[in-house]
Amino acid sequence: MSDSQQPGRGPLHGHLVLDLSRALAGPHAGMMLGDLGARVVKVEAPGRGDDTRGWGPPFVGPEDARESTYFLACNRNKESVTADLKSEEGRALVARLVRQADVLIENFRPGVMDRLGFPEERLRELNPRLVILSISGFGPDGPEGGRAGYDQIAQGEAGLMSITGTPGAPLKVGTPIADLLAGIFGVQAVLAALLERRSTGCGRTVRTSLLSSLIGIHSFQGTRWTVAREVPVAEGNQHPSIAPYGLFHCADGDLQLSAGSESLWRSVAAVTGLDPADPRYATNADRVRNRVRLARELEQVFATAPAADWLARLDAAGVPVGRVRTIDEVYAWEQTRAQGLIVQVDHPVLGPIELPGTPWRFDDGGRTRHDPPPTLGQHNASVRAWLDEVEGLGSRDTAPEPPADRHPAAAGATR
């Protein structure tokens, strides 16, 4: 068994990620790589740190050490060092980290890395094996390549808001989905580049953007236009191509069901007393054309009993069905906990806290010990000491791991 395959460490154990990003897309990518076992060093601006440290409320913790729950959501399994990238000292620290890193993440506007003294050519000189993940709002080039990108702006520009919500009322998705997907797609490409590096010995640059991440998930809504020349519109809580499929009102609440096949439609009809052979509903195409009428008829039936009764009846008939849970209900749900979707960490200021967990499971458990999101500059001393030792030995691979206890008292932290 190799060192990276030891239980509890994660498959990226032994890899170093230098996270120069802020806000959400880049930090989310860095956190995912950390969740996979990589060591992630996050460089933040002195005094204020990552933008998300100020995004709130809610803030938690004592008055003199408030933490943003937004920051906590995307920065676990990282070490924080502060550096002013406009100063010689700050750039020197970054250069030292670049030499040791396997991956660098940045989401500055196009051209900023060049102005800071780290164009791609210099990064390659410092470390030819470096895999660079560059995330932007609208891409690095093209007529609008230099635009600043924030999630909701991208959701509108990429068409997502036009197909979300009800007709005529554009609606953003309830999570910053463009940021999150850019991070996810970026990690996917980084992993491929690391795999390629094993045979070539060289790193490469991976670029993605908020725009590309959303167009990348247009799926059938995209081909409705590119192939069929039909402009999709918002359909509310009903599926535009499958019926019945969506949210329905019952006597005391809502349920959601999916009849994604003809056999499932017949099951829905049997439970609700509708005629599956009714010419208006005989095929999926018929049901989609008459979706409004079908939904009305189903809701007239569902209104005769509580949602729990219909959920039980439909589930017994094999129909995919579910509730609409609030966020607090999701985290109290035994299924969530049984799937390991909550991570418990011991924060140096907040104490024991729970965070949304990792969306994958490995046969050996993957990374089983998670570090809390760091306080600002918490690892200033320990990271610099580690660099001194690595550079003294001449190889990162021969240097010892940082201490397991990375809390401020053990790591010589500064705030």
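**Entry 1: S134 and strand β7**

I began with S134, which lies in strand β7; helices (H or I, at least four residues) and strands (E, at least two) are DSSP runs, numbered from the N terminus. I note that this is a predicted model, in which local features need pLDDT of at least 70 and side-chain atom pairs count only at pLDDT 80 or more, while totals for chains, interfaces and linings use all residues. Residues are numbered from 1 along each chain as its sequence is written, and side-chain values use heavy atoms, with hydrogens and water left out.

Is S134 buried or exposed? S134 counts as buried because its relative accessibility is 14%; buried means under 20% relative accessible area, exposed over 50%, and partly exposed in between (1.4 Å probe, protein chains only). I then listed what S134 touches, not counting residues up to four places away in sequence: E106, V206, R207 and T208. Contact here means heavy atoms within 4.5 Å.

I looked at the rest of β7 (residues 131–136) and found six of its six residues buried. On one side sit V131, L133 and I135, on the other I132, S134 and S136, and both faces are covered.

Next I looked up the neighbours of β7; two strands pair if DSSP finds at least two bridges between them. Strand β6 (residues 103–106) pairs with β7 in the parallel sense over four bridges, and I105 stands opposite L133. Strand β10 (residues 205–209) also runs parallel to β7, joined by five bridges. In β10, T205 is the bridge partner of I132.

**Entry 2: other strands**

I checked β14 (residues 342–347) and β15 (residues 351–356), which pair in the antiparallel sense over six bridges. A hairpin of three residues joins β14 to β15. V345 has I353 in β15 as its bridge partner.

I also found an open sheet of three strands in the order β11-β12-β13, with antiparallel pairing. Its edge strands are β11 (245–249) and β13 (321–322), each pairing on one side only. Strand β12 (residues 254–258) is joined to β13 by two bridges, and Q256 stands opposite G322 in β13.

**Entry 3: helices**

In helix α9 (residues 219–226) I noted Q221, G222 and R224 as buried. The buried residues of α9 line one face of the helix, because they fall within an arc of 150 degrees seen down its axis; the arc is that of the directions from the helix axis to the C-beta atoms. The face of α9 turned away from its buried side carries the exposed residues S219 and T226.

The buried residues of α16 are N380, S382, V383, W386, L387 and V390.

**Entry 4: aromatic rings**

How many aromatic pairs does the structure hold? I found four; rings of Phe, Tyr and Trp (its six-membered ring) pair if their centres lie within 6.5 Å, with planes under 30 degrees apart counted as stacked, over 60 as edge-to-face and the rest as tilted. One of them is W265 with Y281, edge-to-face, at 6.2 Å centre to centre and 75 degrees between the planes. This pair links distant parts of the chain: W265 is in helix α10 (residues 262–272) and Y281 in the loop between α10 and α11 (284–289), 16 residues apart. W265 is buried at a relative accessible area of 1%, and Y281 is buried at 1%.

The pair F302 and W310 is edge-to-face, because the ring centres are 5.2 Å apart and the planes stand at 70 degrees. Both F302 and W310 are buried. With F248 they form one aromatic cluster.

I also looked for charges over rings, where NZ of Lys or CZ of Arg must be within 6 Å of the ring centre and within 35 degrees of the ring normal. The charged end of R53 sits over the ring of F71, 3.8 Å from its centre. That of R147 sits over the ring of F138, 4.2 Å from its centre.

**Entry 5: G117**

Last, I located G117 in the loop between α4 (112–115) and α5 (120–126). G117 is partly exposed, with a relative accessible area of 26%. From G117 to A251 I noted 134 residues in sequence and 64 Å in space, C-alpha to C-alpha.
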